[in-house]
Amino acid sequence: MYLNCHSHFSLCHGVMSVEELAEEALRLGIDRLVLADIHNTSGCFDFVKACCERQITPLLGLEFRIAGRLAYIGIARSNKGFRELNEYLSLLNLKAQSPPDRPPLLNEVYFVLPWTDRLPGRLREQEYIGIRPSEVLRLGTHTLSKQKDKLVMLSPVTFKDKAGHNTHRLLKAIQANTLLSKLSAEGCALSDEVMVDKYTLMSAYHTQPHIIRNTEQLLGCCSFQFEFGTDKNKKTFTGSYYEDSLLLEREAWKGFRYRYPKGSNEAEERVKKELGIIQKLGFNAYFLITWDIIQFARAQQFAHVGRGSGANSIVAYCLQITDADPIELDLYFERFLNPYRSSPPDFDIDFSWNERDRVIKHLFERHGQKHVALLATYNTFQGRSVIRELAKVFGLPKHETDALVEGRKLTQQGPRDDIHRLIMKYGERMQNMPHHLSIHAGGVLISEEPINTYTAVDLPPKGFPITHFDMMVAEDIGLYKYDILSQRGLGHIRDAVELVARNKGEQIDIHQTEPLKQDPAIKQLIREGRTIGCFYVESPAMRMLLKKLRCEDYLTLVAASSIIRPGVARSGMMKAYIERFNNPTMVNYLHPKMEELLKETFGVMVYQEDVIKVAHHFAGLDLAEADVLRRAMSGKFRSKKEFARIVDRFFENCRQYGYPDELSKEVWRQIESFSGYSFSKAHSASFAIESFQSLYLKAYHPLEFMTAVINNFGGFYRTEFYVHEARLDGAEIQGPCVNRSEYLSSLQGRSLYLGFIHLKELEYTVARRIAEERQAGGDYTGLENLIRRLGISHEQVNILIRIGALRFTGKSKRQLYWEAIGIYGHEKRKEPLPVLFQTEEPVFELPQLPHTFLEDAQDEIELLGFALCHPFDLLPPQPNIGISQKEMMQHLGREVTMTGYLVTTKDVRTIKGEHMQFGTFIDYQGQYFDTTHFPPCLARYPLRGRGFYRIEGLVVADFGYPSLEVIGLEKLPMLQALPEKAWEPALEQSTY
């Protein structure tokens, strides 16, 4: 009987989850509900499931509002009506329009209008007027009483109780960004918007029984039928199942001949087996759509890499969707597909960050906008952020807010304490409530039926429509995503290949990866951990791991790519793997079956495939159950009951096999340690291939590679350290120059000219125009020529002067400042003074003014964020600079002094919850070394930001990798420049 229920997907309005709505209806004996969230369909399918589980009839609708005011409620008569509502809301969203005052004419939708002064004079056939319980007595002799057949019950449900009403008001205050005390009543729910039992609800309308009758008739005409879990993706690629089968088979065998030019019986049998299962499970179109994405990318010469569980497939390898050979890697086929699997495998396809959107656009154009949408995610109220939001609406000052967030007790007593308790209470109630919709990292849906059959869509800033539900709901209803992702590493590779072709005339086929795996120069880089800038292997932790494993081959790198993940490291299995790798004869396997399954990884579960093998072959779970286990580990399965059943089955089977309880528990502990962080082996293998591509470019074309890394940003380190790495590789680092630099950094011989993009305060249009105008009109001849041609402001010219971008003139910065004042005049003008005729630039005779390189360094630090010289050029001479990184092994077990320039830190918590850090520094020779700061030392000697430190510590080594356990440290001052620009005020005050 409730035709206007709000869930918490009525964002910052509703309070209850759809499960809570259904549970409340069950408790009160309500047998029929309409979910009508405000401009949102996120909760619809979870609502349908929750109601059906409780034998409640679920109906779907939408509430439309204008400027926060209820305009009308649309109730779907059928599945077609739900689609019509979705199409209507989507049209409004895509055009960024508010709903019109009058609802549209939709064939399968009833509309309920609130009783207001704006009611239309004559109602259409499918329009009704909702009468709230509080409005029944007002009907009396009102003219509405003449339209008895058009009146229905309108009793909105927004919360459960008084605490829910309070939560609602807090949400509205957060949404309005206002104090709770100043919250307007308009748009807020009334305190009576709670669910009551059927008898109480009917009693409110007993004087107007026709209203009850009309409501029952209206709802009796509505239904929503849905079959969960059946495949709703695009069924065919070519339009024909038969043609799809032929095309997939043809392209697979064509790719087979490319991948295995000498043939391979094992690979041939694997292709036949896979094609049979793909055909049987109906995944032909899924593979062909993914293949088409790759074909488009290759035609556009887009850098890309395919990974995910689909990389276990030899058919995917032959179609060039992936570059990981499943035969070479012994990839577990059942991890990819098995006869029990109902969902297709994951293909995660990475593109360069600035090319991904063109690929997504291709999908919309190829398959039609009505059938394609990006997946949404829900940004929820969480932890500290919700406390800050609530503190803001209660008007707390910053120091009190910070104390609450950090869990500190406040000294004052009285009313303020009550507010603090309220914030904590309602902060807990609001945990995990959706705040707003966002875009999934890369999920794209392509459906057979129009996407509005299942959801309305929004148009976020990206410009592509997004669904209202997330990937969990998508999987529940039978829609499986294509992951079109982006990463900076591919941009590094693509740009480096282009730079090599431009600078050296060499054409590199970076996808020919087999020779790279045997290349001695690449092996040396990996073994020595010289991997700065290289995808996935450049972090301090990864470089340390590579050295501990003495890694130099592809398979070891594949393993390293997986065990570096947090779950494996936290469980202690990463340490176990390193120990066993270095001492394989000392491995004690938990059980002979575990040795059979995990010999390759020394008894450690490194990959998701290992977990599936153990669950299937050790514990006797069937492949479908093992796959549920795998999906639960990666956060892609949300049925707690089903997961609990599989856990019980795991231990029950282990008991039946006669395994001791201690053994079963330890095996399960290792499985659990993967939760949320596990990698498939194919995924790691794909990452490792991309790492090898980066390493090849770094080994043979280091300057081009580091230029590409600098231009793509987004790496593990700041730009300063990629510039430092380029210097170590032999580059001559040049600051921006108006006659040499481009918008991005560029390489000219061995000179690496930083681009104007790095100048923080330089306007984007100016940074772009400098190079464009130079290309159109030739080199700039001097400062005045630059100013006249670009028409830029005095302030922007000063930035170029300070960074030395006009050093080609041979004039000092101070001479150029004087010259600029002469051009702009002594007043601060944004544009240069106009001139009728071009004249020769005047020559100024200035006295010799003192100048040091430290002034340049200070300008560079302010404008670029770092100095262009070697960092240690800025450190005063030290009486004891200590040992270098290269000398650490000679002082193993001794306390030493080292001087370092801080690169990065990593904060961690010990088992006891104490704060400790790992640090990475550059020594005076430019080499990297690592430090460990245990809690007592860190508390006494904290790191205080960027700069130089004299560090006292004990040299230790783990499997040949040295680091410094810090005993004490001191931050060192940098060299001081002249008094900060003492001459600039004089210039500005001049009446020149």
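Select Pro114 first, and then Gly130 in β6, which is its bridge partner. The two strands around this point, β5 (residues 109-114) and β6 (residues 127-131), pair in the parallel sense over 4 bridges. Strands count as paired if DSSP finds at least two bridges between them; helices (H or I, at least four residues) and strands (E, at least two) are DSSP runs numbered from the N terminus.

This is a predicted model, in which local features need pLDDT of at least 70 and side-chain atom pairs count only at pLDDT 80 or more, while totals for chains, interfaces and linings use all residues. Residues are numbered from 1 along each chain as its sequence is written, and side-chain values use heavy atoms, with hydrogens and water left out.

Next, display the whole sheet. Its 7 strands follow the order β1-β2-β3-β4-β5-β6-β7, with mixed pairing, and the sheet is open. At the edges stand β1 (2-5) and β7 (151-153), each of which pairs on one side only.

Now select residues 209-220, helix α7. This helix packs on the sheet, touching β1, β2, β3, β4 (69-76), β5, β6 and β7, where contact means heavy atoms within 4.5 Å. The direction of α7 makes about 80 degrees with that of β7; axes are lines fitted to C-alpha atoms, for helices over the stretch in contact, and angles run from 0 to 180 degrees between N-to-C directions. Which residues of α7 are buried? They are His210, Ile211, Ile212, Asn214, Thr215, Leu218 and Leu219. Buried means under 20% relative accessible area, exposed over 50%, and partly exposed in between (1.4 Å probe, protein chains only).

Proceed to Arg54 and Glu23, which form a salt bridge whose closest N and O atoms are 2.7 Å apart. The term denotes a side-chain nitrogen of Lys or Arg within 4 Å of a carboxyl oxygen of Asp or Glu. Arg54 lies in the loop between α2 and β3 and Glu23 in helix α1 (residues 18-28), so the pair ties together parts that are 31 residues apart in sequence. Arg54 is buried, at 18% relative accessible area, whereas Glu23 is partly exposed, at 41%.

Finally, select Leu783 and Leu800. These residues have the most contacts inside the largest nonpolar core, which has 107 residues. Such a core is a set of buried Ala, Val, Leu, Ile, Met, Phe, Trp, Tyr and Cys residues joined through side-chain atoms within 4.5 Å. Its largest share, 8 residues, comes from helix α29 (residues 681-700).
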